[in-house]
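This briefing covers strand pairing and ring contacts in one model. The structure is shown first, and the points follow by topic.

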Amino acid sequence: MIRIAAAFTGLALLLTGCAMQYPERQTTMGGEMARIAFSDAPAGANVYIDNLPYGLAESYQVGQRVLEIAPGRHRVRVEANGHIYLDREIFAGRGAVLEIDIQ
């Protein structure tokens, strides 16, 4: 009798495992920010990330200070006096430090 109950329990566990669905992709919530810094930033040029202003590009010079952004895909634009020095789509990985050369 105990063997029959154990067999049914094992069969039930086996069938339950076959019906499980596993996630198809991984989503990370929160976590470490990405960082970007600029080299050769023109004086007075403003930084826009996804069309939001973040201040002067010279404030985020390589080796001095970094701009923290959420990991993922972003549009980075640097402009001054109507001239666009940089307009680029980037992917910033979690914990990454990107050095962007403005030419």
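Arg 35 stands opposite Glu 68 in β4, and Arg 35 also stands opposite Val 97 in β7. The model is predicted: local features need pLDDT of at least 70, side-chain atom pairs count only at pLDDT 80 or more, and totals for chains, interfaces and linings use all residues. Residues are numbered from 1 along each chain as its sequence is written, and side-chain values use heavy atoms, with hydrogens and water left out.

**Pairing of β1**
- Strands are DSSP runs (E, at least two residues), numbered from the N terminus, and two of them pair if DSSP finds at least two bridges between them.
- With β4 (residues 67-69), β1 (residues 34-39) forms 3 bridges in the antiparallel sense.
- With β7 (residues 97-101), β1 forms 5 bridges in the parallel sense.

**The open sheet**
- Four strands make up an open sheet in the order β3-β2-β5-β6, with antiparallel pairing.
- β3 (52-56) and β6 (83-92) stand at the edges with a single partner strand each, so one side of each has no neighbour in the sheet.
- Neighbouring strands of this sheet are turned by 20 degrees against each other on average, direction ignored; the axes are lines fitted to C-alpha atoms, and angles run from 0 to 180 degrees between N-to-C directions.
- β5 (residues 72-80) and β6 run antiparallel and are joined by 9 bridges.
- Val 78 has Leu 86 in β6 as its bridge partner.

**Ring contacts**
- Arg 77 lies over the face of Tyr 48, at 4.4 Å from the ring centre (cut-offs: NZ of Lys or CZ of Arg within 6 Å of the ring centre and within 35 degrees of the ring normal).
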